[in-house]
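Please look over the structure shown here before reading the notes, which are arranged by topic.

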Amino acid sequence: MASSHGNGNMNCFITPICADLKMMTPGIRPTINQPLIIGQKTINNRLFLAPMAGLGHIAFRELLSQCGGYGLLFMEMCNARAVPHENRHFSPVFRWRDEELPYLVCQIFGATPVDMARAAERIESEGFFGVDLNFGCSVQAIVKKNCGAALLKNPVLSSEIVKTVRKAVSVPVFVKYRIGWEDDPGFSVDMARRFEDAGADALTFHPRVAPDRRSRPPKWDYIRQVKAAVSIPVFGNGNVFDENDLEAILLKTACDGVSLGRIAIAKPWLFAAWSKDIQPADTILKETILKMIALLNRHFEPHMAIKLFKKYAIYFAANFKFGHAIYKELSKAGNMEAVEQHIHLLFEKNPATLKRPDLNMFTR
Ligand SMILES: Cc1cc2nc3c(=O)[nH]c(=O)nc-3n(C[C@H](O)[C@H](O)[C@H](O)COP(=O)(O)O)c2cc1C
């Protein structure tokens with residue numbers, strides 16, 4: 001089965017006017033669009049939306065689907081213990097539109113092989129493209145439960161989890177992980193081999209040590225070492241913010257594709273700009289945020305919509321010269337009506353934008 005969401009759709013709000021964006025190096029676009037086999041499925045585009053709690057929800061993914069240009073979308077992490085009995089219409093995270101399923105991967109976190117396998121079975125039965133196992137989250141609340149990156153302290157249990165999930169489902173099994181708890185690329189390589197031997201179909205490697213949330217640069221060279229050590233596809237991740245970064249990570253690491261995190265939230269049209277020759281119109285920022293507001297209102301109750309909007313707003317505001325002030329104003333809004341009014345006022349003032357977002361704001 002082939003999966004690609006490369007063409008956007010008829011409602012695509014980005015138009016083929018090429019204004020100020022520098023064209024991609026011609027050599028990169030064919031690489032991005034080269035089909036790749038993952039398990040028993042094929043993707044036709046090697047750019048992924050990275051899993052991001054509080055950001056990669058159903059409303060954001062619907063916004064992204066109107067631009068297209070990606071191969072797979074990874075959902076925010078879901079608790080493996082909750083997934084088997086979760087109601088998709090009430091859960092804030094285990095929630096999707098049916099049309100997403102052919103290119104949607106559900107990420108789960110858990111501490112035991114049986115929890116992860118039961119969740120994976122539900123995910124397969126719902127028709128997702130695949131399941132992603134979280135061995136990377138180092139947030140205290142997750143690590144405390146022996147989930148996420150905590151599992152890297154126990155390589156034998158980590159292998160057991162992947163093996164058990166592999167036996168339980170036939171959809172592609174992805175593993176997302178970090179360097180480990182010490183800065184040792186040898187450990188990352190060893191884990192990559194263990195994951196492959198246990199039956200993982202693809203790895204996403206975020207080369208930072210576990211306690212480092214995102215303060216230091218990721219070590220892309222470790223991605224190269226991991227890629228060289230296994231024969232399953234390896235997706236690189238970490239600090240890809242513009243087309244030069246994308247070209248560099250692909251060339252320096254030889255990774256099979258790239259998982260885009262924060263920049264995808266700030267500029268969701270970049271998948272289309274980078275993988276197709278589609279460039280945004282001047283009105284893209286305003287159109288994006290108004291759509292985001294409408295989609296949050298459609299998919300969530302008012303209290304949840306405003307909460308999720310505020311998480312998104314910092315990435316949106318990072319696109320402006322005075323982003324901190326814009327974010328400060330937006331974060332004061334008490335409800336979505338106030339947000340919308342504020343956005344109209346903001347754009348009346350024609351605010352100065354930045355080509356590369358203010359990365360100091362990419363801290364959440
Ligand atoms: C707000 C936020 C939430 C995140 N949540 C998850 C998550 O649920 N699962 C996961 O594997 N990684 C999560 N990540 C990590 C990202 O997937 C990614 O590895 C990281 O942001 C580095 O990529 P980037 O530099 O492209 O943003 C999160 C990152 C951010 C900023």
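Residues are numbered from 1 along each chain as its sequence is written.

**Confidence**
- The protein averages a pLDDT (the predictor's confidence in each residue, from 0 to 100) of 93, and 93% of the residues score at least 70.
- Over residues 6–11 the pLDDT is below 50, although this stretch has 16 contacts in the model beyond near neighbours in sequence, a contact being a pair of residues whose C-beta atoms, placed from the backbone, lie within 7 Å.
- Residues 15–22 also have a pLDDT below 50, with 11 contacts beyond near neighbours in sequence.
- Where pLDDT is low, the predicted coordinates should not be read in detail.

**Domains**
- The protein is divided into domain 1 (2–15 + 27–275) and domain 2 (284–361), with bounds that come from an automatic or database domain assignment.
- The C-alpha centres of domain 1 and domain 2 lie 26 Å apart, and 18 residues of domain 1 are in contact with 20 residues of domain 2.
- On the side of domain 1 that touches domain 2, the largest share, 5 residues, comes from helix 2; helices here are DSSP runs of H or I with at least four residues, and strands are runs of E with at least two, numbered from the N terminus.

**Helix 3**
- Helix 3 (residues 113–126) has 14 residues, which at 1.5 Å a residue should span 20 Å, and this agrees with its end C-alpha atoms being 20 Å apart; the expected span is 1.5 Å times one less than the number of residues.
- Among the buried residues of helix 3 are Asp115, Met116 and Ile123, where buried means that 20 or more other C-beta atoms lie within 10 Å of a residue's own, exposed means 12 or fewer, and partly exposed is in between, with C-beta atoms placed from the backbone.
- The cover over these buried residues includes strand 7 (104–109), strand 8 (130–135) and helix 5 (155–168).

**Ligand**
- The ligand is surrounded by 23 residues, of which the closest are Ala50, Pro51, Met77, Gly261 and Arg262; a residue is near a molecule if its C-beta atom, placed from the backbone, lies within 6 Å of it.

**His344**
- His344 lies in helix 14 (residues 336–348) and counts as exposed because it has 10 C-beta neighbours inside 10 Å.
- The C-alpha atoms of His344 and Ile123 are separated by 40 Å.

Notes
Predicted model: local features only at pLDDT ≥ 70, side-chain atom pairs only at ≥ 80, totals over all residues. Contact = placed C-beta atoms within 7 Å.
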